[in-house]
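Please find below a colleague's note on the model. The points are numbered so that each can be taken up separately.

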Amino acid sequence: MNILSAIIVFENLHEVRRLCHWGPIIALTVIAVCSSMAMLDSIIWYWPLDTTGGSINFIMLINWTVLILYNYFNAMFVGPGYIPLEWKPENQQDAMYLQFCRVCQGFKAPRSHHCRKCNRCVMKMDHHCPWINNCCGHLNHAYFTTFLLLAPLGCIHAAFIFIMTMYTQLYDRISFGWSSVKIDMSGTRHIHNPIMPFSVAAFAATLFALGLALGTTIAVGMLFFIQIKVIMRNKTSIEVWIEEKAKDRIQYYQTGEEFIFPYDLGSRWENFKQVFTWSGTPDGDGVEWPVNEKCHQHTLTIEQLKQKADKRVRSVQYRVVEGYNGACCPLGKGINTFLRTPCTEEPRIHLTKGETIFATRGTKWWMYGDKVLDEEQTKGIFFLWPNITKHTMCIAYSKSSVSHSPSFLCCFQLGFVFEVGFHAVVWRSVSTTLPTTQRQMKRRRNSNVRTD
């Protein structure tokens, strides 16, 4: 009944707009095609009114469809749960251990993260899923994972029906010669009188639905195993990444710290019950969580603050010398940059000459970083021309600049349009292909880089 209450309540009617997105449209189309074709092929292959087995098979198909849609719509409309706007911890001293969200004008509770798609801080955010056009988080994690389990099981059943239908219908219509194979689709099967004949169009539709079912089984099945793996450890996909970065930070700086993930309760069953309950609603308020006896409520948030500070320390400053219009796939920045544009929904930011950016990480063609705008930083992506020397630098910063510098995630690009303006001590440098032209060499000599 959760799905009905979420839709019927007047103030939640705007949630129906989530259906108007390419993700739900594709997902519901795949469900509709596989389900309808499986039911039609069941009528052709295993007439449900003739035998008990045929009736059970048909009823199971209907049950798969109902359960899949139930969990899918619950994951979409119940939602992950959001931290209230302008939220503050009850104990004001705890604010020093939390990150502040400039968009929501409040602090981020433990395990919460700001989603730039939902434009809210999400409780126990795992990821933003385009297929449900919503975040997967505290309240809908169980519905989402159950959907990931049921969809492959239903597709396996449907694929079996598709294969058996094509086999039984083509068995008497295929004749083999010495040098040829003949398929006669005009012949009719006399096992029963089906409502619809198995024509060439029916064969093509069944073959197409079989491809969808097998593809969905593999893709969604892999997602299910990824989700169940992190659930058994009482983690989210984001927290797995945070834990990996914590280990890398400790190993690099040789601090001697021991990072213990605070929400792993030590038992897989106890971790499992943090997501799946008999009522369907997870325990807790989405703000305070059961933690390991060796940790406290802010163990993870303190680690996040350390990683944020370290990220700023590793930033490299660039100055834009050529404008960019914010196109998703820029044709004028090179064929490799065009073909290797990040597969993400992040918007690209318009750049103008003279703006300052800070690169934090990246690949050969694209880099992530912060754009400085009116003393504020906007995170995003830009691409890197391959024959420019790349350095990983240390940018001087103060504690006040870290805690008071607002930032939000977006995306921007920068091709062969920048010059380097480092102004900090290098703690590590990695060089790729060196500049080759006189203009590049001059730009490199004029860059203010100190290696002491």
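The points below cover conventions, annotated spans, salt bridges, surface patches and backbone angles.

1. Basis. This is a predicted model, in which local features need pLDDT of at least 70 and side-chain atom pairs count only at pLDDT 80 or more, while totals for chains, interfaces and linings use all residues. Residues are numbered from 1 along each chain as its sequence is written, and side-chain values use heavy atoms, with hydrogens and water left out.

2. Annotated spans. An unreviewed UniProt entry lists residues 25-47, 53-73, 147-167 and 200-226 as "transmembrane region"; positions follow the numbering used here, feature names are shortened, and annotations may be inferred rather than shown by experiment. In the model, residues 25-47 are 91% helix and 0% strand, with the end C-alpha atoms 31 Å apart. For residues 200-226 the figures are 100% helix and 0% strand, and the end C-alpha atoms lie 39 Å apart. Helices (H or I, at least four residues) and strands (E, at least two) are DSSP runs, numbered from the N terminus.

3. Ile68. This residue lies in helix α3 (residues 52-77). Ile68 counts as buried because its relative accessibility is 9%; buried means under 20% relative accessible area, exposed over 50%, and partly exposed in between (1.4 Å probe, protein chains only). The C-alpha atoms of Ile68 and Ala151 are separated by 6.2 Å, although the two residues are 83 apart along the chain.

4. Salt bridges. The structure holds seven of them, where a salt bridge is a side-chain nitrogen of Lys or Arg within 4 Å of a carboxyl oxygen of Asp or Glu. Arg111 pairs with Glu239 in this way, the closest N and O atoms being 2.7 Å apart. The two partners are 128 residues apart, with Arg111 in the loop between β2 (106-107) and β3 (113-115) and Glu239 in helix α6 (residues 237-253). Both Arg111 and Glu239 are buried.

5. Which residue meets the side chain of Glu303 in a salt bridge? The partner is Arg249, at 2.7 Å from N to O. Glu303 is buried, with a relative accessible area of 3%, and Arg249 is buried at 7%. A network of salt bridges links Arg249, Glu257, Glu303 and Lys306.

6. Arg314 and Asp310. These residues form a salt bridge with closest N and O atoms 2.9 Å apart. Both Arg314 and Asp310 are buried.

7. Surface patches. Patches are made of residues with over 30% relative accessible area and no salt bridge, joining nonpolar side chains (Val, Leu, Ile, Met, Phe, Trp, Tyr) within 5 Å and like charges within 9 Å. Trp22, Ile26 and Trp131 form a nonpolar patch with about 300 Å² of accessible area together, by the Shrake-Rupley method with a 1.4 Å probe, where for residues only the protein chains shown count as cover. Trp131 sits in the loop between β5 (127-129) and β6 (134-136) and is partly exposed at 37% relative accessible area.

8. Positive phi. Asn119, in the loop between β3 and β4 (120-122), has phi near 60 degrees, a positive value in a residue other than glycine. Asn119 is partly exposed, with a relative accessible area of 45%. Gln254, also not glycine, has a positive phi near 55 degrees. Gln254 lies in the loop between α6 and α7 (268-273) and counts as exposed at 63% relative accessibility.
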